[in-house]
Amino acid sequence: MPPPPQTNPFTMTLHSTIPAGRIATFCLALILVPLLPATTFRDDTAFLRQHTSVIVLQGQGGRVAVVPAWQGRVMTSSAEGDAGLSFGWINRSLIASGKTVPHMNAFGGEDRFWMGPEGGQFGLFFAPGVPFDYEHWFTPPIFDTLPFQVVHQSTGSVEFTARFSLKNHSGTAFAVAADRKITLLDPAAAWKDLGVAASPGVNVVAFETSNRITNAGAAAWTKQTGLLSIWILGMFQPTPATTIVVPIKPGDASELGPKVTSNYFGAVPPARLAVRDNALLFAADGRFRSKIGVNPRRSRGVLGSYDAEHHVLTIVQFNQPDGVTDYVNSLWQVQERPFGGDVENSYNDGPPTPGAKPMGPFYELETSSPAAALAPGQSMTHLHRTIHLRGPMLKLDAIARATLGVSLQEITSAVHPE
């Protein structure tokens with residue numbers, strides 16, 4: 001007697017989470033770009049420890065791995081202990097090489113400390129007098145290869161400090177003191193931050209970074225010579241079944257500005273970006289280099305993503321001061337509105353030119369503080385919170401509706417990248 005037919009759980013997951021119109025695209029992507037293998041938190045931390053010092057924060061199943069040598073960077077996390085799925089993107093090939101590269105060392109990580117603006121007349125990534133092109137774009141070492149110093153550590157938190165100087169494209173010099181605290185939140189606090197009741201069967205890990213900069217110089221930071229901002233970026237694993245969600249406020253463009261900035265690296269094809277009245281939905285497959293942003297009038301102070309392959313809902317929350325609209329502009333050009341920038345961004349990696357290798361691939365969820373017009377000794381703090389939830393679709397759907405304002409069905413059917 002032949003054995004009974006076997007059900008493929010992967011196929012069941014695929015059909016239950018991705019509409020029929022997107023399944024063919026997903027399967028084609030599996031052929032063209034194999035999915036990155038899922039790794040456990042234990043695997044990733046073991047790898048990192050072969051190359052650098054790692055601090056692991058832990059409690060109630062949650063784990064967060066932090067590397068002091070890379071600016072106190074959160075490299076990855078898990079909602080299910082050491083054996084659980086590792087959520088951060090880690091650039092194993094670059095780390096294992098032991099080498100550094102000139103423009104940016106994309107080590108990876110779910111929460112890294114940068115400062116803006118990137119480009120423009122007040123940009124920090126272009127030396128005075130050089131053109132705004134990739135050849136002349138360099139990440140300042142303090143955001144790239146230099147360490148932050150540990151000043152306090154406990155089971156659930158770690159604090160860092162750094163002192164450094166920067167110079168912008170216009171030649172203005174800044175003396176900066178940076179302080180950064182990473183805290184693993186307990187599940188009860190995470191559910192409270194989400195504003196929803198705890199859902200049995202959904203595993204959660206949440207961590208928050210408090211990032212403070214202080215004007216450590218003798219002169220005030222002014223708009224006339226350029227301002228700085230705190231910029232936090234999280235890098236995650238892309239899949240053909242992952243979609244980024246950025247809730248936005250509906251309303252007239254004359255009052256709130258455009259719904260999206262999408263020309264950072266040229267136009268984003270409509271198949272990769274769905275612009276709705278209440279949300280932006282953006283493909284996170286790591287196959288097309290593109291970036292979007294939302295201005296402070298449109299922002300709701302939250303963004304996220306849904307990985308339909310692994311049933312992971314990611315929510316990023318941040319503090320956005322009411323009524324503040326001055327945010328640095330990072331576009332690679334001399335700007336008419338250098339303080340008309342975005343408060344939140346998302347980047348999908350891909351080949352920079354046809355046939356070239358991508359930097360990752362990965363995708364990013366990014367948030368920024370307002371432009372910091374600080375007197376000597378004055379400080380500004382930016383909070384950035386990352387919450388991962390993994391569990392049954394129906395339960396994640398209710399959480400997505402409550403926090404992002406869209407259903408999983410809307411998320412998975414919105415974009416159809418080729």
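In the predicted model, Phe164 is in contact with Phe113, Met115, Ile142, Phe143, Phe174, Ala175, Val176 and Ala178, when neighbours within four places in sequence are left aside.

The largest nonpolar core contains 54 residues, and Phe164 is listed with Phe113, Met115, Phe143 and Ile213 as having the most contacts inside it. Two or more residues of this core are given by each of strand 1 (55–59), strand 2 (62–67), strand 4 (112–116), strand 6 (157–167), strand 7 (173–185), strand 8 (203–215) and strand 9 (229–236).

At least two lining residues come from each of helix 4 (92–97), strand 4, strand 9 and strand 17 (363–368); helix 4 has the largest share, with three residues. The lining of the largest pocket consists of 24 nonpolar, eleven polar and ten charged residues.

The volume of the second largest pocket is about 390 Å³. Among the 29 residues of its lining, Thr261, Asn295, Gly340, Gly341 and Asp342 lie closest to the centre. Strand 9 and strand 13 (290–294) each contribute at least two residues to this lining, with strand 13 giving the most, three residues. By class, ten residues of the lining of the second largest pocket are nonpolar, 14 are polar and five are charged.

Technical notes:
Residues numbered from 1 in each chain as written. Predicted model: local features only at pLDDT ≥ 70, side-chain atom pairs only at ≥ 80, totals over all residues. Heavy atoms only, no water. Core = buried A, V, L, I, M, F, W, Y, C linked by side-chain atoms within 4.5 Å. Buried < 20%, exposed > 50% of the residue type's maximum accessible area, 1.4 Å probe, protein only. Helix = DSSP H or I, 4+ residues; strand = E, 2+ residues; numbered from the N terminus. Contact = heavy atoms within 4.5 Å. Nonpolar A, V, L, I, M, F, W, Y, C, P; charged D, E, K, R; others polar. 1 Å grid on protein atoms, 1.4 Å probe; cavity = no way out; pocket = protein on both sides within 12 Å on 5 of 7 lines; lining within 4 Å. Points joined across faces, edges and corners; volume = space filled by probe spheres on them.
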